[in-house]
Amino acid sequence: MRILIVDVNFDYKNPMYRQFYTALFDCMEVDFFGPGYVSRECLEKGIDYFMTEHGAYDAVLLGNYFVYSSNEKGARYNAYHVHRHTLPYYNVNDAYQCCRKIYEDLIKLDHIIKVFLYYEDMWSVPVGDRDICHRLLEHGFYILSWPIEYMENWPAKSRNKNSTRSNYAYEIARKYSDCYIPIPLHAIGYHEIFVRNFYDRDYEWCIPGNRMKKYYPEREKAHEMIQKGKRRVWKDDPYQLLSVETIHRKHIEWYKFHNNFEKFLSVITGKNDYIASQPQMRYIAACREHYLESMRASRIVYAESGIVDVFVRKYFEACACGAVLTAKRVPGMREMGFLHDQNCIIVEKYEEIKNIDHKYSTKRLEKIAKAGQKLILDKHMFAHRAKILRSTLESIMQGRYKGAYWKDGDYFIKF
């Protein structure tokens with residue numbers, strides 16, 4: 001099977017996008033097209049020319065950041081949210097000047113399977129993104145995104161402290177189930193698996209992730225509560241430092257860019273100074289490793305998603321590192337194979353973690369940790385995601401695909 005990925009070439013502090021793409025190499029023949037993947041000359045010739053030159057493809061996978069770069073959401077949004085929000089390996093001017101035509105040509109493309117990869121926050125899909133999804137569905141695209149099992153049917157728009165929720169993702173997944181591919185990017189690469197004697201771990205607890213009280217009010221409270229119990233708790237929070245520094249930098253550059261918008265539009269070639277200041281890749285890589293080490297060094301990891309109560313990748317990462325996942329209950333846990341007292345410990349509120357290491361013996365915790373890691377190795381590696389995508393594309397090619405669902409960590413295609 002041959003597929004063409006159309007996207008801008010970028011990386012993110014969470015490496016799931018790049019890991020998902022590279023995992024496809026093991027079971028498909030993969031080519032890339034877009035800014036940072038091919039030359040400016042190739043972009044200007046267009047997607048039709050590229051596909052003619054490189055032979056027939058069975059499917060095209062269109063990344064949502066490419067769609068944003070096509071000016072579908074405005075040039076300012078593209079420059080800030082895509083180019084500034086990620087680690088780009090492409091020239092923003094190439095994206096601004098070439099992506100729109102490529103996007104429109106893809107919409108017109110027939111006689112090939114077209115899939116739109118949409119992986120923004122499922123709990124706050126804005127109206128603009130919903131409209132993009134509807135337009136692509138009307139033009140024969142499938143949507144590859146979060147499983148409906150992850151979602152709740154919230155009111156059309158409800159306010160939750162510092163976030164605006166919408167149920168647009170739920171509505172799309174339900175209404176267009178025959179054209180919806182529920183494969184999450186929550187998965188693990190083999191380099192993230194860590195094996196170590198459970199008894200030799202230096203810390204009893206770790207509470208990873210950003211601790212901004214506005215969005216994650218319970219993490220700092222949980223940390224303080226565990227410390228008061230005189231447990232050994234991993235103290236560093238590299239993502240907090242990363243977030244503070246990058247957000248500060250983003251704000252400075254955003255205002256500089258905003259005030260010089262006309263200058264941005266006048267730049268035809270070369271580097272754009274107004275959106276060129278990027279976090280160094282070395283720093284991001286060090287932050288990732290530090291973040292993983294916090295879980296590798298700890299017996300128990302408390303993971304939660306803040307004020308929105310949805311599945312986060314930390315649930316998978318904690319198990320992959322050989323720690324006991326202790327997590328807030330969120331939709332989709334059972335469907336993805338996470339079972340209380342078997343391969344993780346599920347709590348309803350953070351105060352319940354206080355007595356966990358008194359309630360469970362170290363031997364019992366080790367058994368849960370091993371079962372959690374086995375769940376990841378058996379069902380939630382990026383290699384698994386790649387294989388089920390291939391199976392899904394094959395069923396679409398055969399005209400048999402009627403949707404898919406998750407049960408006990410396994411993916412089932414409806415025929």
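What percentage of the 415 residues in the protein do buried residues make up? The points below take up this question first and then turn to particular regions.

1. **Overall composition.** The structure under review is a predicted model. Buried residues account for 57% of the 415 residues in the protein. The secondary structure consists of 16 helices and 16 strands. Among the contacts with a separation of 6 or more, 76% are between residues 24 or more positions apart.

2. **Largest nonpolar core.** The largest nonpolar core contains 117 residues. The members that touch the most other members are Val6, Leu24, Phe33, Phe116, Tyr315 and Phe338. Helix α6, spanning residues 92-108, supplies the largest share of this core, with 7 residues. Apart from this core lies another one of 19 residues, including Trp205, Ile226, Tyr302 and Ile345.

3. **Ser305 and its loop.** Ser305 is located in the loop that runs between β12 (298-303) and α13 (314-320). Ser305 counts as buried because its relative accessibility is 6%, and the cut-off for that class is under 20%. The side chain of Ser305 has a polar atom 3.3 Å from the backbone nitrogen of Asp309. The backbone nitrogen of Val310 is also reached by the side chain of Ser305, at 2.9 Å. Not counting residues up to four places away in sequence, Ser305 touches Tyr216, Arg219, Val310 and Val312.

4. **Lys213 and its loop.** Lys213 belongs to the loop between β11 (203-206) and α9 (217-228). With a relative accessibility of 63%, Lys213 counts as exposed, since the cut-off for that class is over 50%. Lys213 and Gly306 are 93 residues apart along the chain, and their C-alpha atoms are separated by 9.0 Å.

5. **Second largest pocket.** The second largest pocket holds about 160 Å³ of space. Its lining includes Phe194, Val195, Arg196, Asn197, Phe198 and Arg201. Gly322, Glu366, Ala369, Lys370 and Gln373 also line this pocket. By residue class, the lining divides into 4 nonpolar, 3 polar and 4 charged residues.

Note on methods
Residues are numbered from 1 along each chain as its sequence is written. This is a predicted model: local features need pLDDT of at least 70, side-chain atom pairs count only at pLDDT 80 or more; totals for chains, interfaces and linings use all residues. Side-chain values use heavy atoms; hydrogens and water are left out. A nonpolar core is a set of buried Ala, Val, Leu, Ile, Met, Phe, Trp, Tyr and Cys residues joined through side-chain atoms within 4.5 Å. Buried means under 20% relative accessible area, exposed over 50%, partly exposed in between (1.4 Å probe, protein chains only). Helices (H or I, at least four residues) and strands (E, at least two) are DSSP runs, numbered from the N terminus. A polar contact is a pair of N or O atoms within 3.5 Å; within protein, one must be able to donate a hydrogen and the other to accept it, and residues adjacent in sequence count only if both atoms are side-chain atoms. Contact means heavy atoms within 4.5 Å. On a 1 Å grid over the protein atoms alone, a cavity is a set of points where a 1.4 Å probe fits but cannot get out, and a pocket is an open set with protein on both sides within 12 Å along at least five of seven lines; lining residues have an atom within 4 Å of a point. Grid points are joined across faces, edges and corners, and a volume is the space filled by probe spheres set on the points. Ala, Val, Leu, Ile, Met, Phe, Trp, Tyr, Cys and Pro count as nonpolar, Asp, Glu, Lys and Arg as charged, and the others, Gly among them, as polar.
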